[in-house]
Amino acid sequence: MRLLVSWLREYVALPADIDVDTLADTLVGLGLKVEDVIDTGGVPGVVTAKVVRTERPPDAAKVQRVWVDTGDGTARHVWCGAFNFAVGDVVPLAAVGTTMPDGQTISRRAILGIDSEGMLCSARDLGLGDDHTGILVLPGDLPLGVPYAAALGRRDEVVLDVEITRNRPDAWSYVGVARDLAAKLGVAFTPPTPPLPEPAGDAADVRVDIVDGDRCGRFTATVLSGIVVGPSASWMADRLTAGGMRPISNVVDVSNYVMLELGQPNHPYDVATLGGHGFRIRTATEGERLTTLDDVDRALDAKDLLICDADDRPIGLAGIMGGADTEIAAGTTTVALEMAWFAPIPIATTVSRLNLRSEASARFERGVDAYGIDRAIARFVKLLAETCPDLRVHPGGVDARGAGLPPRERTCTVRTHQVNRILGGTTLEEDEWPALIEPIGFAVSGSGPDRTVELPSWRPDSTEEVDVIEEVGRLYGYDRVGVRAPVASSPGRLTPSQRRRRRLRDVLQGLGITEVMPNPLLTSDLQRRAGLDGEALRVSNPIVADEDVLRTSLRPGLLRSVAFNASHRRPGVALFEIGHVYPPGPGELPDEYEALGVVLAGEEAPAAVTVWREIALAMGIGARIDQSRVAAGLHPTRSATLVAGRDVIGIVGEIAPEVLEAFEIAERVAVLELDLRAVVDHDPKPARWTPTSRAPSSDLDLAFVLPDDVPAEKLYKAIRQGSGPLLVGLELFDVYRGPGVPADARSLAFRLRLQAADRTLTDADVADVRNRVTAATTKLGATLRTG
């Protein structure tokens with residue numbers, strides 16, 4: 001928020017000798033960070049100039065050529081990308097060599113080989129606000145060739161650009177900041193207290209119907225007549241400009257001024273265009289549309305709150321922006337002034353979904369004072385009367401209340417010992433801390449160490465004791481509290497889940513697999529190419545327009561990384577990711593969980609099985625490989641599902657050929673995915689130490705012909721069971737299809753490593769293992785290859 005220091009002085013008696021640095025430091029101490037100090041006295045080198053000619057070159061559609069005269073009769077040529085001015089307008093010209101407030105130095109630059117002798121400036125270019133939609137058009141009677149600030153009679157003003165945190169809704173107004181400064185500096189605080197206007201004229205013919213009272217707690221409509229639309233007083237226009245707003249007309253400017261001063265957004269509606277002479281506040285119907293003041297046609301949903309006229313025609317997006325056809329026109333004579341209180345969270349939801357932020361929404365989504373509306377109405381009337389002397393307030397204005405209106409009186413108990421305990425470095429007495437917060441509106445009553453504190457209506461962020469103690473700390477000064485390291489009752493340590501997640505990363509990195517972090521937001525095309533055609537949740541306001549799909553699997557991002565490496569002549573990469581996936585849940589929220597994804601380019605399914613077995617061994621988990629269930633996007637005969645009990649915990653195998661083709665990957669890719677809830681949150685049995693045998697080991701290679709309809713996992717288990725306690729290692733080292741093997745079968749070659757704990761194995765021991773393994777595998781329909 002931009003704060004004009006001279007404007008602040010109207011409400012707080014700042015010492016005459018206080019410098020800007022001291023003022024900024026005081027605000028920072030109050031939790032209001034000063035981002036920048038801006039001098040609005042003018043930019044040296046920027047002068048007034050008159051537009052004498054314009055030309056649109058056919059080869060540059062987004063810019064135009066402009067010739068300007070600075071009063072010496074010489075036409076200077078400037079390229080400009082704005083089109084909001086015409087021949088005869090007076091505009092600010094930054095000459096070559098001028099240094100702008102953003103640090104940019106204007107130089108002679110050419111477009112289409114033609115030099116530009118300077119730059120025409122917008123309000124933001126000159127540090128006069130945030131408006132950069134066009135060039136700042138100055139009054140046409142200004143002298144030419146003189147500094148624009150001097151020509152406008154602008155004083156050398158100081159503006160503080162202050163960052164307001166979300167928990168300080170009251171600080172989104174000059175009065176709110178002034179209240180804090182006055183309390184901190186111990187000086188007088190004099191907010192505007194205009195008297196309530198005396199009604200005059202006929203009774204107002206206006207009505208209000210609040211349909212959704214939970215979302216709209218209060219809605220007032222005050223009818224004002226005798227309005228003459230025209231320019232604002234120069235002092236108001238200058239203040240609004242310094243505050244980052246473009247002056248428009250006296251009615252609109254007073255509306256913005258009251259919002260900046262008191263923090264109460266408001267909207268004056270032309271009664272002549274108000275259907276049914278009333279308002280109806282309701283939620284939108286799905287797909288309903290509204291063109292807002294920025295001339296954007298917006299599609300609404302049932303969560304958006306609308307302000308409609310009495311004929312139920314939408315005329316504004318409640319708490320955010322009015323409709324395009326509700327603007328005050330030059331012929332407006334009577335308005336219905338709307339001031340309301342809307343629930344903050346729904347406003348923030350609509351703002352986020354539509355990506356539509358305004359000065360009004362910035363205040364409503366943080367919380368405005370539901371009981372400051374009367375003062376804001378009186379202030380509006382007093383200010384508008386300066387330019388509309390015949391202004392009248394009609395009797396019969398409406399003040400409708402909804403069920404969601406917050407209570408006016410709120411209290412909490414604050415204990416003195418808790419104040420000192422939570423702040424940590426204070427020894428405040430029971431009569432000391434109340435004096436710190438009473439100047440900012442927290443009324444303290446009672447006696448003794450425990451006091452009752454009445455919470456002000458303009459501080460909806462303060463609800464309980466700890467919030468009040470935070471205010472005590474702010475006004476006392478955290479710099480006075482000092483720095484003291486808290487004494488921990490126990491040393492910090494990783495949680496079991498954190499330790500197991502680190503262990504998992506160590507295992508994968510030890511296997512030579514590199515961790516990557518792809519984008520969790522995908523395009524619909526990427527999801528489809530990965531073979532994942534099921535439902536997926538979409539983000540309504542993505543950073544990149546087409547990346548709006550919340551991933552349901554880690555595979556698409558990992559495959560894109562494999563394809564990227566392959567396109568840069570780096571085949572055979574081994575990658576893993578630990579990240580969250582977001583499959584649709586039973587309600588509105590996704591069934592989010594943490595997952596592990598591993599891809600091994602240039603490898604076949606057994607490599608992924610090996611990685612799974614290493615993880616299972618290191619993490620103390622187990623699962624059976626079920627080849628009867630194959631996930632979408634995987635090879636139908638080389639993939640399987642990992643099942644623990646009745647729960648599916650992952651998949652293992654190879655990527656389907658059509659998916660590899662879609663990603664333009666020319667090599668096979670083995671894949672493993674795990675639901676880490678079954679890995680990280682699992683509490684394994686303690687590992688048992690097994691002594692290392694001193695006896696030598698023996699290797700036994702056996703090849704089995706196994707029908708295609710029998711999973712290799714069953715053969716693997718049969719070999720382990722048949723081998724007995726002598727088996728210390730089992731490895732699949734060859735898969736063969738071809739001559740000598742039936743067409744509906746394949747040959748699987750295993751290497752068995754045998755070792756006894758206390759002796760050297762004999763040929764009879766090895767032969768016995770061979771016979772038992774052969775017998776166990778025969779039950780599966782497997783036959784031992786002997787040739």
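Are Phe342 and Phe364 buried or exposed? Both Phe342 and Phe364 are buried, where buried stands for under 20% relative accessible area, exposed for over 50% and partly exposed for what lies in between, with a 1.4 Å probe and protein chains only. The model shown in these views is predicted, with local features needing pLDDT of at least 70 and side-chain atom pairs counting only at pLDDT 80 or more, while totals for chains, interfaces and linings use all residues. Residues are numbered from 1 along each chain as its sequence is written, and side-chain values use heavy atoms, with hydrogens and water left out.

**View A. The ring pair of Trp7 and Tyr257.** The structure holds seven aromatic pairs, a pair being two rings of Phe, Tyr or Trp (its six-membered ring) with centres within 6.5 Å, called stacked if the planes are under 30 degrees apart, edge-to-face if over 60 and tilted for the rest. Trp7 and Tyr257 form a stacked pair, because their ring centres are 4.5 Å apart and their planes stand at 20 degrees. This pair joins distant parts of the chain, with Trp7 in helix H1 (residues 5–8) and Tyr257 in helix H6 (residues 250–262), 250 residues apart; helices (H or I, at least four residues) and strands (E, at least two) are DSSP runs numbered from the N terminus. Trp7 is buried at 0% relative accessibility, and Tyr257 is likewise buried at 0%. Ring pairs also link Trp7, Tyr174, Trp235 and Tyr257 into a cluster.

**View B. The ring pair of Phe342 and Phe364.** With ring centres 5.2 Å apart and planes at 65 degrees, Phe342 and Phe364 make an edge-to-face pair. Phe342 belongs to strand S20 (residues 335–342) and Phe364 to helix H8 (residues 359–364), so that the pair links distant parts of the chain, 22 residues apart.

**View C. Arginines over tyrosine rings.** Arg480 lies over the face of Tyr476, at 3.9 Å from the ring centre, and the charged end of Arg613 sits over the ring of Tyr716, 3.8 Å from its centre. A charge sits over a ring if NZ of Lys or CZ of Arg is within 6 Å of the ring centre and within 35 degrees of the ring normal.

**View D. The surroundings of His77.** His77, in strand S5 (residues 75–80), is buried at 5% relative accessibility. Its side chain makes a polar contact with the side chain of Arg65 (2.9 Å) and reaches the backbone oxygen of Asp115 at 2.8 Å. A polar contact is a pair of N or O atoms within 3.5 Å; within protein, one must be able to donate a hydrogen and the other to accept it, and residues adjacent in sequence count only if both atoms are side-chain atoms. Leaving aside neighbours within four places in sequence, His77 is in contact (heavy atoms within 4.5 Å) with residues including Val66, Trp67 and Ile114.
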